[in-house]
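Hi everyone, thanks for coming. I'd like to walk you through one structure today, so please have the viewer open while I talk.

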Amino acid sequence: VGSFDALVVASGSVAFNALTEMTDEQWQVGLQSKLMGQINLTRAAITHLSDRGSITLISGILSEEPIHWGVSATTINGAIEHFVKGAACELPRGIRINVVSPTVLEESMSKYADFFPGFVPVPAARVAQAYKKSVLGVQTGQIFRVNG
């Protein structure tokens with residue numbers, strides 16, 4: 001791909017199930033897809049990013065506000081946030097790394113409202129502003145929370 005200025009990640013899967021019902025395979029979904037997927041993208045991007053480039057990952061509200069059947073998401077999102085804090089201390093050439101942690105999106109409420117009782121959703125456009133802040137701003141090692 002050559003050189004580029006920013007990597008933005010807004011993907012990754014986790015399994016939802018009760019802690020006592022979670023299988024090793026279900027734990028592996030989040031570990032491999034969302035956590036290691038973002039870590040591996042970060043590692044691969046380092047040599048291609050421009051000096052003072054930017055990496056922005058995604059976690060989510062469940063890192064700080066767990067829901068029923070969300071133990072995997074809570075664990076994985078928290079791990080991503082801690083990865084960003086640690087990686088920010090070691091990235092070369094002024095490369096920055098941050099994570100956007102949104103609550104449930106307004107556009108997703110028709111599908112997910114039952115899982116997020118009492119959560120105030122936010123529009124995707126507001127979450128996009130957090131990504132913009134991460135990519136174009138000066139901060140590193142930060143968690144940009146987008147709550148309602």
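**A walk through the fold**

Contact here means heavy atoms within 4.5 Å. Ser 72 is found in helix α2, and at 1% relative accessibility it counts as buried. For that word, buried means under 20% relative accessible area, exposed means over 50%, and partly exposed is in between, with a 1.4 Å probe and protein chains only.

Some housekeeping before we go on. This is a predicted model, where local features need pLDDT of at least 70 and side-chain atom pairs count only at pLDDT 80 or more, while totals for chains, interfaces and linings use all residues. Residues are numbered from 1 along each chain as its sequence is written, and side-chain values use heavy atoms, with hydrogens and water left out.

Now the sheet. Helices (H or I, at least four residues) and strands (E, at least two) are DSSP runs, numbered from the N terminus. Two strands pair if DSSP finds at least two bridges between them. With that in hand, we have an open sheet of four strands in the order β1-β2-β3-β4, with parallel pairing. Its edge strands are β1 (4-8) and β4 (143-146), each pairing on one side only. From one strand to the next, the twist averages 15 degrees. As a reminder, strands of a sheet pair through backbone hydrogen bonds, either parallel or antiparallel.

Look at the pair formed by β2 (residues 49-58) and β3 (residues 96-102): they run in the parallel sense over five bridges. Leu 57 stands opposite Val 99 in β3.

Which strands does each helix lie across? Helix α1 (residues 24-46) lies across β1, β2 and β3, at about 175 degrees to β2. Helix α2 (residues 71-88) lies across β2, β3 and β4, at about 160 degrees to β3. The axes behind those angles are lines fitted to C-alpha atoms, for helices over the stretch in contact, and angles run from 0 to 180 degrees between N-to-C directions.

Leaving aside neighbours within four places in sequence, Gly 30 is in contact with Ser 13, Val 14, Leu 35 and Ile 76. Gly 30 and Ala 73 are 43 residues apart in sequence, yet 7.2 Å apart in space, C-alpha to C-alpha.

Val 29, also found in helix α1, is partly exposed, with a relative accessible area of 34%. Its C-alpha is separated by 6.5 Å from that of Ser 13, 16 residues apart along the chain.

On to the packing. A nonpolar core is a set of buried Ala, Val, Leu, Ile, Met, Phe, Trp, Tyr and Cys residues joined through side-chain atoms within 4.5 Å. The largest one has 26 residues, and those with the most contacts inside it are Ile 55, Leu 57, Ile 97 and Phe 116. Each of α1, β2, α2 and β3 supplies at least two residues of this core, and the largest share, five residues, comes from α2. A second, separate core of eight residues includes Val 100, Val 127, Phe 144 and Val 146.

Last, some backbone angles for you to check. Most residues other than glycine have a negative phi, and most peptide bonds are trans. Arg 52 has a positive phi of about 60 degrees although it is not a glycine. Arg 52 has its place in strand β2 and, at 65% relative accessibility, counts as exposed. Trp 69 also has a positive phi, near 70 degrees. Trp 69 is found in the loop between β2 and α2 and, at 39% relative accessibility, counts as partly exposed.
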